[in-house]
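User: I'd like to go through the side-chain packing in this one with you. Can we take it residue by residue and then look at the helices?

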Amino acid sequence: MYAIPLGEDGAELRPLEPWQAEEFLTHMDRGREFIGRYIPLADAVSDLESARAFLQGYADKAAADAGRIYGIWTDGKLVGGVLFRTMDINQGTAEAGCWLEPSAVGKGLVTRATRVIIDWAVEERGIHRVEWIAAAANEGSIAVARRLGMTKDGVLRESYLRRGEWQNREIWSVLAPEWRAARKPS
């Protein structure tokens, strides 16, 4: 297994795999309510079987080159993650996403981790457009999109039913030429 350092604070990005289901579930239990405010991950992973199935789904996506999931570890503890929920290599598109437990918020972990995976997707897999879809009320996720240099493409009004309430979602994106231009040293 490999780990990619995310900075001098010791945070690491690693693949998140089915054999880590117990650790993933423990992490989800620590942050369930916080994570579940905006994304269904917290509801989808409720026991060891569902945690393993969720991670196996991403292992299958990785094998088909259709998605990826990575964990973020600090001090040896899984505290969040980033993923490509979808990847379409033929079309050159991918949708990135994230989650964190409360103890990891405000440290720049998601921004740093997402930079790593977008670099990989653009430079290694030829992805042309990376999308970021966030609940309009999720200020933290929208702030990440801004820090990544993404452009707000629009708002999908009441397009998502979350825990019985209709949510607006914002679509953000970055194109490969924009990503490369922003990453060049000045």
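User: Is W99 buried or exposed?

Analyst: W99 counts as buried, at 4% relative accessibility, where buried means under 20% relative accessible area, exposed over 50% and partly exposed in between, with a 1.4 Å probe and protein chains only. This is a predicted model, in which local features need pLDDT of at least 70 and side-chain atom pairs count only at pLDDT 80 or more, while totals for chains, interfaces and linings use all residues. Residues are numbered from 1 along each chain as its sequence is written, and side-chain values use heavy atoms, with hydrogens and water left out.

User: How many aromatic pairs are there?

Analyst: The count comes to four aromatic pairs, taking rings of Phe, Tyr and Trp (its six-membered ring) as paired if their centres lie within 6.5 Å, and calling planes under 30 degrees apart stacked, over 60 edge-to-face and the rest tilted. F24 and W99 form an edge-to-face pair, 6.1 Å centre to centre with 70 degrees between the planes. Because F24 lies in helix α1 (residues 21-36) and W99 in strand β5 (residues 93-100), this pair ties together parts that are 75 residues apart in sequence; helices (H or I, at least four residues) and strands (E, at least two) are DSSP runs, numbered from the N terminus.

User: And F24, what is its relative accessible area?

Analyst: F24 has a relative accessible area of 0%, so F24 is buried. F24 and W99 also belong to one aromatic cluster with F54 and Y58.

User: What about F84 and W120, how is that pair arranged?

Analyst: F84 and W120 form a tilted pair, 6.4 Å centre to centre with 35 degrees between the planes. F84 is in strand β4 (residues 77-88) and W120 in helix α4, so the pair links parts that are 36 residues apart in sequence. F84 counts as buried at 0% relative accessibility, whereas W120 is partly exposed, with a relative accessible area of 24%.

User: Switching to helices: which residues of α4 and α6 meet?

Analyst: On the α4 side they are R115, I118, D119, V122 and E123, and on the α6 side A176, W179, R180 and R183, with contact meaning heavy atoms within 4.5 Å.

User: Last one: where is E158, and what is its phi?

Analyst: E158 is found in strand β7 (residues 151-162), and its phi is near 40 degrees, a positive value in a residue other than glycine. Most residues other than glycine have a negative phi. E158 is exposed, with a relative accessible area of 53%.
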